[in-house]
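Dear colleague,

Please find below the structure that I am handing over to you. My findings follow it, arranged by topic.

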Amino acid sequence: VVLMDSQGCALYPALLYCDQRSLPQVDKIVDRIPRSDYEATIGNRLVPGTCAVTSMRWLRDEMPGEYAAAQTLGFANTFFVSQLTGASITDPTNAALSGLADIRDPWRWSVELCQALGIEQGYLPEIAETAHAVGKVTPAAGAETGLRAGTPVVVGCGDAVASAFGAGARLGGPAVYSAGSTDCLATVMPGPASGGALVNCAYVGRETWLGIGTTTSSGVSVQWFVREFLSSGDLALMSKLAASSPPGSNRLLYLPYLQGERTPVWDSQARGLFIGLTASTGRSALAR
């Protein structure tokens, strides 16, 4: 979530999907709309950060000065499109995870949800198709970036969707696994998944959906271990240590819940654990 002024400049640092500070806003939303009804409408779990409206309401509640000065309450692609073209745009993949769109139609903002949750619809960017050209690089943006003025700009989409699309994910095709700070396992479906186990995200085009299973602190866990356990901060040393501990020899279990967890736990208060420690457990076993 990016809060922007009339010039498209950020008024506050972006709030990421893994940001848990808006947990109190979850309670405020549930006070207005029963959780089961709300989650059935948006087709996704109401969790801080991942459901973007919680971060929007945090900005409204905790940063009233910046919020009052805002012209747009958008997303990463909103910010970049604005900087390049001056237009205020996002796409259905972001809208579907916003908590402000009905799962049956993520190509428009829900007037009812915006009113119920106190988000002024006029703050929200227009929703355009992922591959739709929404403007052209302005002369000013061209001078700053080196891009040719007049180059068409498309709105793009969320990173997991772009990764899946780039890897060739399609209906009836293979699932796609992507690894990073967060890991995602995504599969293309004819419609949103039921049951709440997956994140439902609009896919490229209107015909299909992307079901995403995601763990929040995969690469983050590696980064944490290197920073806190290895004085050199050397990732290669972690790999060397892990290689010296034979697989299965230490009978350790690590739960990577350093920032709460999403699928399938759905607990923003979940915490990480090493289970099976003994007096002989060393850094090599932990690294493995």
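Which residues are linked in a network of salt bridges? In this predicted model, the network joins K28, R60 and D61. The count of salt bridges comes to 7. Side chains of opposite charge can pair when their charged atoms come close.

- E39 and R35 form a salt bridge, with 3.4 Å from N to O. Both residues belong to helix 2 and stand 4 residues apart, about one turn of the helix. E39 is buried, because its relative accessible area of 18% falls under the 20% limit, whereas R35 is partly exposed at 35%.
- R104 pairs with D102 in a salt bridge, and their closest N and O atoms are 2.7 Å apart. R104 is exposed, with a relative accessible area of 70%, while D102 is buried at 15%.
- D105 and R108 form a salt bridge whose closest N and O atoms are 3.1 Å apart. D105 is partly exposed at 25% relative accessibility, and R108 is partly exposed at 42%.

I turn now to the nonpolar residues. The largest nonpolar core contains 31 residues, and Y38, L59, L73 and L100 have the most contacts inside it. Helices 1, 2, 3 and 7 each give two or more residues to this core, and helix 3 supplies the largest share, 4 residues. Among the residues that Y38 touches are I29, L46, V53 and L117. A second, separate core has 15 residues, including V47, A160, V176 and V188. In soluble globular proteins, nonpolar side chains tend to be buried together.

With kind regards

Key:
Residues are numbered from 1 along each chain as its sequence is written. This is a predicted model: local features need pLDDT of at least 70, side-chain atom pairs count only at pLDDT 80 or more; totals for chains, interfaces and linings use all residues. Side-chain values use heavy atoms; hydrogens and water are left out. A nonpolar core is a set of buried Ala, Val, Leu, Ile, Met, Phe, Trp, Tyr and Cys residues joined through side-chain atoms within 4.5 Å. Buried means under 20% relative accessible area, exposed over 50%, partly exposed in between (1.4 Å probe, protein chains only). Contact means heavy atoms within 4.5 Å. A salt bridge is a side-chain nitrogen of Lys or Arg within 4 Å of a carboxyl oxygen of Asp or Glu. Lists of a residue's contacts leave out its neighbours within four places in sequence.
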